[in-house]
Amino acid sequence: GAKEIEEKFNPLINLAFPGPAEKITNLTGVVKAVYGATIDFEIGNPEDYLPHTDGSPQKKQIRTASISKTTDIVSITLNKKGEQKLTPIKLSDIKIGNTITARSNQNLRELKKFDAYRIELLKS
């Protein structure tokens, strides 16, 4: 029955579409709000990683990065060779709709709010 099919094909599915790591220390998403010393940004739900057979999009989540005076905030641009150039910026330089990567020492797999040690604004 269904259980036998699942047991047979799960190893192949896990090989083709590995699940999220047990420890996630950085998240990338689109900024939805910047207020005070926090950034709300939307990410793809790490638990919703398998392709949807009905073609529907991946579920989204809002995460909140807390910024402190020790948080590095940088803009990242790539040159024609693909090398990264980091430029220090201010929190006020980050706008709604920007794509950021937030890095933390905490496990971000399930945390909705976390302390960021670095925010990277991805410039194209």
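Is R109 buried or exposed, and what is its relative accessible area?

Modeller: The model is predicted. In it, R109 has a relative accessible area of 14% and is buried, because the cut-off for buried is under 20%. R109 forms a salt bridge with E47, with 2.8 Å between the closest N and O atoms. R109 sits in the loop between strand 6 (99-103) and strand 7 (113-115), and E47 in the loop between strand 2 and strand 3 (60-66), so this pair ties together parts that are 62 residues apart in sequence. E47 is partly exposed, at 43% relative accessibility. The pair belongs to a network of salt bridges that links E22, E47 and R109.

Strand 6 takes part in another pair, through R103. The side chains of R103 and E120 meet in a salt bridge at 2.7 Å, N to O. E120 is in strand 8 (residues 118-122) and R103 in strand 6, so the two distant parts of the chain that they link are 17 residues apart. E120 counts as buried at 6% relative accessibility, whereas R103, at 25%, counts as partly exposed.

A further salt bridge joins the side chains of E42 and K32, at 3.7 Å from N to O. K32 belongs to strand 1 (residues 26-35) and E42 to strand 2 (residues 38-44), so the pair ties together parts 10 residues apart in sequence. Both ends are partly exposed: E42 has a relative accessible area of 26%, and K32 has one of 40%. The count of salt bridges comes to 5.

Notes
Residues are numbered from 1 along each chain as its sequence is written. This is a predicted model: local features need pLDDT of at least 70, side-chain atom pairs count only at pLDDT 80 or more; totals for chains, interfaces and linings use all residues. Side-chain values use heavy atoms; hydrogens and water are left out. A salt bridge is a side-chain nitrogen of Lys or Arg within 4 Å of a carboxyl oxygen of Asp or Glu. Helices (H or I, at least four residues) and strands (E, at least two) are DSSP runs, numbered from the N terminus. Buried means under 20% relative accessible area, exposed over 50%, partly exposed in between (1.4 Å probe, protein chains only).
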